[in-house]
Amino acid sequence: SAAEKGGYDYFMLKEIAEQPKAVADTLLGRVDASGSLTLDEVRIAPGALREVDKVVVVACGTAFHAGLIAKYAIEHWTRIPCEVELASEFRYRDPILDAQTLVIAISQSGETMDTLMALRHAREQGAKVLAVCNTNGSTIPRESDAVLYTHAGPEVAVASTKAFLTQLVACYLVALYLGQVRGTKWGDEIRAVVRDLSRIAEDVEQVLETMEPVRELARSLASKNTVLFLGRHVGYPVALEGALKLKELAYMHAEGFAAGELKHGPIALIEEDLPVVVVVPSPKGRSVLHDKIVSNIQEIRARGARTIVIAEEGDETVVPYADHLIRIPATPVLLQPLVATVPLQVFACELATARGNEVDQPRNLAKSVTVE
Ligand code: AGP
């Protein structure tokens with residue numbers, strides 16, 4: 001009913017709008033005033049966490065994209081090797097797991113059969129499993145050694161939005177906590193990022209307030225067949241997520257690429273007026289990547305692409321090459337997906353509406369996939 005949707009036309013719009021709160025709620029009670037993480041609820045003893053020598057993330061769909069981003073954070077802040085695998089592939093290749101392996105199973109519903117089977121396999125091999133889940137008491141957390149709940153609240157729309165942002169927050173918390181427990185050299189950076197995380201809900205709010213041009217752009221592309229998404233570093237999984245949203249909702253051919261791969265094949269797809277969304281990394285910190293992606297934008301534009309550029313406020317280098325410029329607030333490099341994903345959600349939702357599709361219940365899809 002309209003009341004359930006809180007005055008919005010679709011649950012998806014309501015859930016997109018709830019993201020600042022979902023993010024804040026997922027941080028609540030997990031960070032103390034001194035900027036230290038208090039994740040005692042993760043009932044894996046600090047001693048056991050110090051012995052972890054490999055992290056493996058398993059998940060499906062949007063949750064898998066959260067896992068891909070988690071890898072950058074985990075490896076950077078903990079120096080523990082991290083693999084990310086589609087849950088549906090995991091157990092079929094005889095993965096190497098033992099008691100020092102921490103498996104992180106990410107699932108909004110907690111009922112995804114592929115993810116459940118992956119975690120069962122991991123536990124049979126003696127690995128410890130931490131669930132990152134949005135649904136209290138669901139099967140995946142019940143069968144895991146520990147759980148960190150995301151506090152997105154119920155997500156009704158089939159296309160995941162607020163659950164994704166909270167999965168990212170939970171993964172950052174796990175990465176930072178592992179770093180804190182293991183005392184890596186990134187101590188100061190960890191404390192600084194924890195402080196930045198506490199402000200990130202406001203950044204998400206700010207993005208939401210500036211989405212009208214994105215909606216307008218989406219409507220103008222309603223008759224297109226293809227949209228490509230490019231990103232690098234943590235922007236690469238964001239590109240994959242943007243493409244998945246568009247497939248699910250707009251039923252358009254959408255593909256995400258790592259921008260560095262462009263020259264190895266995908267650039268052949270570029271033709272006159274093809275919309276290409278580019279997620280530009282922060283110019284600070286990883287400035288080499290930033291400059292490389294700016295050259296990618298120039299290259300595809302020279303070949304006729306219509307460039308839709310998502311870039312940090314104050315990043316002026318992209319201006320001459322952007323047919324459409326979507327601004328996001330500056331964040332620490334690894335946290336950028338929390339703000340960069342939001343315009344892509346809005347974009348897909350608006351395109352679906354413009355194409356007359358059912359936003360909350362896309363064809364052929366179920367909210368939770370309880371078969372393998
Ligand atoms: C997201 O928009 C999708 N509907 C889908 O990919 C989903 O993320 C995937 O099926 C995993 O679901 P889960 O998080 O409930 O395990």
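An open sheet of 5 strands runs in the order S7-S6-S8-S9-S10 with parallel pairing, where strands are DSSP runs of E with at least two residues, numbered from the N terminus, and two strands pair if DSSP finds at least two bridges between them. Strands S7 (253–258) and S10 (324–328) stand at the edges with a single partner strand each, so one side of each has no neighbour in the sheet. The model is predicted: local features need pLDDT of at least 70 and side-chain atom pairs pLDDT 80 or more, whereas totals for chains, interfaces and linings use all residues. Residues are numbered from 1 along each chain as its sequence is written.

**Sheet**
- Strand S6 (residues 226–231) pairs with S7 in the parallel sense over 6 bridges.
- Leu 230 has Phe 257 of S7 as its bridge partner.

**Helix H9**
- Helix H9 (residues 187–209; helices are DSSP runs of H or I with at least four residues) has 23 residues and reaches 34 Å from its first C-alpha to its last.
- That span is close to the 33 Å expected at 1.5 Å a residue, the expected value being 1.5 Å times one less than the number of residues.
- At Arg 199, H9 bends by about 40°, the angle between axes fitted to the seven residues ending there and the seven starting there.

**Ligand surroundings**
- Among the 15 residues around the ligand, Gly 61, Ser 107, Gln 108, Ser 109 and Thr 112 come nearest; a residue counts as near if its C-beta atom, placed from the backbone, lies within 6 Å.
- Helix H4 (residues 61–78) gives the most to this shell, with 3 residues.
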